[in-house]
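Trainee: Could you walk me through this structure, starting wherever you like?
Mentor: Gladly, let us open it and take one topic at a time.

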Amino acid sequence: MLEPTPEVNQTNCEDGCTLSLRDLFDAEETPLLRYAFSLTGRRAVAEEIVQEVFLLLHGRFDEVESPRSWLYRCVRNKAFDHLRNHRREVMGDTAPDPPVANESPEVLLERMEATGLLRQVLQELSEPDQRLIQLKYFENLKYSEISAQTGLGIGNVGYRLHHILKELSQRLQHMGVDAAL
């Protein structure tokens, strides 16, 4: 692959520096992949979306005033397009709740984004904590059944779950997710 020449594919960043497309790619690829994955729940789809968005930016780099914002907006739009166009593929245990009859598209998108962020935050938990969440909220086991599978005392299971949920709530609030969603 040819490297862009220094004077080609550059833009000014917010603090007045000059930013090349390569610099932007190096800085934003991983955060964009995380963001796309949080929205879609599928790594391959996230990679495809981010690659497509960077290719689009390459063709319009001189026209885009705020490339970082543009990248995130495009990733979000492409992720929602993918979810809308592949609705049957995402149905199952990890699918978002069906829309409420009077739910506006904006509220539905907010819920979808919150669901994606929740997936991301759950994956950042330690394996034992992920296992407790899996057993309680996805397999609907009682504390005594979780205790038997994990070797933790019943009281310890409740204590750990309480603190895990509190941590998840705080992290989601910090990310701007409203508890009402």
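Mentor: Let me begin with a network of salt bridges, which links Glu124, Glu167 and Arg171. Please keep in mind throughout that this is a predicted model.

Trainee: Noted. How many salt bridges does the count come to?
Mentor: The count comes to eight salt bridges.

Trainee: What does glutamate 47 meet in a salt bridge?
Mentor: The side chain of glutamate 47 meets that of arginine 43, with 3.1 Å from N to O. The two are four residues apart in helix H2, and that separates them by about one helical turn.

Trainee: And is arginine 43 exposed or buried?
Mentor: Arginine 43 counts as exposed, at 61% relative accessibility, while glutamate 47 is partly exposed, with a relative accessible area of 36%.

Trainee: Which residue forms a salt bridge with aspartate 81?
Mentor: That is arginine 84, and the closest N and O atoms of the pair are 2.3 Å apart. Both residues lie in helix H3, three residues apart, which is about one turn of the helix. Aspartate 81 is partly exposed, with a relative accessible area of 32%, and arginine 84 is partly exposed as well, with 44%.

Trainee: What about aspartate 129, which residue does it form a salt bridge with?
Mentor: Aspartate 129 forms a salt bridge with arginine 160, and here the closest N and O atoms are 2.8 Å apart. Aspartate 129 lies in helix H6 and arginine 160 in helix H8, so this pair ties together parts that are 31 residues apart in sequence.

Trainee: Is aspartate 129 buried or exposed?
Mentor: Aspartate 129 is buried, with a relative accessible area of 10%, whereas arginine 160 counts as partly exposed, at 26% relative accessibility.

Trainee: Staying with H6, which of its residues are buried?
Mentor: In H6 the buried residues are Asp129, Leu132, Ile133 and Leu135. Seen down the axis of H6, the buried residues fall within an arc of 170 degrees, so they line one face of the helix.

Trainee: What do those buried residues pack against?
Mentor: They pack against helix H5 (105-123), helix H7 (143-150) and helix H8 (154-174).

Trainee: Changing topic, how many residues does the largest nonpolar core have?
Mentor: The largest nonpolar core has 25 residues, and Val53, Leu57, Trp70, Leu71 and Val75 are those with the most contacts inside it. Helix H1 (21-40), helix H2 (43-60) and helix H3 (67-85) are the elements that give two or more residues to this core. There is also a second, separate core of 16 residues, which includes Leu117, Ile146, Leu161 and Ile164.

Trainee: Which residues does leucine 57 touch?
Mentor: Leaving aside residues up to four places away in sequence, leucine 57 touches Leu21, Leu24, Val64, Pro67, Trp70 and Leu71.

Trainee: Last one, what does the secondary structure of the protein come to?
Mentor: The secondary structure comes to eight helices and two strands, and of the 181 residues of the protein, 33% count as buried.

Notes: Residues numbered from 1 in each chain as written. Predicted model: local features only at pLDDT ≥ 70, side-chain atom pairs only at ≥ 80, totals over all residues. Heavy atoms only, no water. Core = buried A, V, L, I, M, F, W, Y, C linked by side-chain atoms within 4.5 Å. Buried < 20%, exposed > 50% of the residue type's maximum accessible area, 1.4 Å probe, protein only. Contact = heavy atoms within 4.5 Å. Arc of directions from axis to C-beta. Salt bridge = Lys/Arg side-chain N within 4 Å of Asp/Glu carboxyl O.
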